[in-house]
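This report is meant to be read beside a protein model. Please look at the sequence and the structure before going on.

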Amino acid sequence: MRRERTTCCVVGGGPAGMMLGLLLARAGVDVTVLEKHGDFLRDFRGDTVHPSTLRLLDELGLGERFAELPARRLHEMRMRIDGTTVVAGDLRRIPGRHKYIAMVPQWDFLDLLARAAAEEPTFTLRMRTTVSGLLTDADGRVTGVTYEDEHGAPGELAADLTVACDGRDSRVRRAAGMTPEYYEVPMDVWQVRVPAPRDAAKDGRVFLSIRDGQVAATMDRGDYYQTSYLIEKGADARLRAHGIEWFRERLGGLLDWDAEALRGIRSWDDVKLLEVTMGRLRRWYREGLLCIGDAAHIMSPVGGVGVNLAVQDAVAAARVLAGPLRRGRVTAADLERVQKRRRLPVAVTQRSQRGEHDMLLRPALAGTLRGDRLPLPLRLLQKVPPLRTVTGYLGGVGVRPEHAPEFARR
């Protein structure tokens, strides 16, 4: 069996893991990121990069590289409820240079971070490496991970600190015996790509449409629309009993798409299910182990804020932990500081998401939300336009945005 050692083992090469690896490497910390896949190409990952993350990339000296990536810009978020249009958020007047959300394929964003991290001599990225368990000492402190490499050969990677960045179904979190407290959610999501007609107007908006008990959100991605169709929680198998033509007709009627565009949905194999869960750990850490991103707090897809929160977690973790890692000893008190720093933004965001579930999505799926009887918050957004900037700021920047540590700036 292969046995190795690093200072910090990061499990998962998503936004949190790659950002944390980059920042710690720039601090001179020996860091190894383990990613189970052979590349970053995955459908239906979060592709939104928020203004606070765009500012962070500028601070890291990566703004120009990011600007070269294929991207579309979202300046406002709209919804249509029974023919009534509401601007739910406007980013054009928020403070800062970036007054938009950039919609970039997540694999391009992760490749950018990986290339930047590879410039640092203390950074290692191991693809096709699947973590299988945790190493612990006699006192129960996590001392690293066990893994299988791309050939299925077992190995051990010892580390002063292991950070779980492996997402909502975190294997590391489960191996550590850490169980989130879950919140009830009203929906699951079908995710599908719909080819855009050649003559379709391209405005880069995210548009939420609600009518007759149906809810769908679509993002203009240039040659296709990345579309999420909400279904009642647990209804996937029952609804798939209908033919795919049934789904095409419902989606087309809701979003005013013609049969030509919808012909790109050939079968149910093109419709991917996201089983929505939402919750968070009461405690994000134990001796030798920290969970961040969706491994610590599972976000609803509402607002597309999961990537942004994961990146912000990574920045806070790097700032707090770089010094202790360089000194060779990370204590539970250090890990607690990371959680305390990030607890409020996560709690506020999840409370907001749960409010949107209750105010908007539950009645929408039940068919009781009407355009002529909007909830009070939506009526206020219609009548008081400056409130749209407030919601745009909360959605695009959020509570307690993180800045790059001095040691990571270029």
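The model is predicted, so local features need pLDDT of at least 70 and side-chain atom pairs count only at pLDDT 80 or more, while totals for chains, interfaces and linings use all residues. Residues are numbered from 1 along each chain as its sequence is written, and side-chain values use heavy atoms, with hydrogens and water left out.

**Cores**

A nonpolar core is a set of buried Ala, Val, Leu, Ile, Met, Phe, Trp, Tyr and Cys residues joined through side-chain atoms within 4.5 Å. Buried means under 20% relative accessible area, exposed means over 50%, and partly exposed lies in between (1.4 Å probe, protein chains only). The largest nonpolar core has 79 residues, and Met 19, Phe 66 and Leu 321 have the most contacts inside it. Helix α9 (residues 306–327) gives the largest share of this core, 11 residues. Helices (H or I, at least four residues) and strands (E, at least two) are DSSP runs, numbered from the N terminus. Leaving aside residues up to four places away in sequence, Met 19 touches several residues, among them Leu 56, Leu 113 and Val 311; contact here means heavy atoms within 4.5 Å. A second, separate core has 21 residues, including Leu 251 and Trp 268.

**Cysteines**

How many disulfides does a search of the whole structure find? The search finds 0 disulfides, a disulfide being a pair of cysteine sulfur atoms within 2.5 Å. The cysteine sulfur closest to that of Cys 165 is in Cys 8, and at 8.2 Å it is too far for a bond. Cys 291 is in no disulfide either, as its nearest cysteine sulfur, that of Cys 165, is 8.7 Å away. Cys 165 is buried at 10% relative accessible area, and Cys 291 is buried at 0%.

**Salt bridges**

Side chains of opposite charge can pair when their charged atoms come close. A salt bridge is a side-chain nitrogen of Lys or Arg within 4 Å of a carboxyl oxygen of Asp or Glu. The count comes to 31 salt bridges, and the table gives some examples.

| Asp 160 | Arg 5 | 2.3 Å |

Asp 160 in strand β11 and Arg 5 in strand β1 are 155 residues apart. Arg 55 and Glu 59 both lie in helix α2, 4 residues apart, or about one turn of the helix. Glu 402, in the segment after α12, is 83 residues from Arg 319 in helix α9. Glu 402 is buried at 0% relative accessible area, whereas Arg 319 is partly exposed at 35%.

**Surface patch**

Leu 376, Leu 380, Val 384, Leu 387, Val 390 and Leu 394 make a nonpolar surface patch of about 470 Å². Such a patch joins nonpolar side chains (Val, Leu, Ile, Met, Phe, Trp, Tyr) within 5 Å, from residues with over 30% relative accessible area and no salt bridge; like charges are joined within 9 Å. Areas come from the Shrake-Rupley method with a 1.4 Å probe, and for residues only the protein chains shown count as cover. Helix α12 gives the most to the patch, with 3 residues.

**Backbone angles**

Most residues other than glycine have a negative phi. Asp 212, in the loop between β14 and β15, has a positive phi of about 55°. Arg 400, in the segment after α12, also has a positive phi of about 55°.
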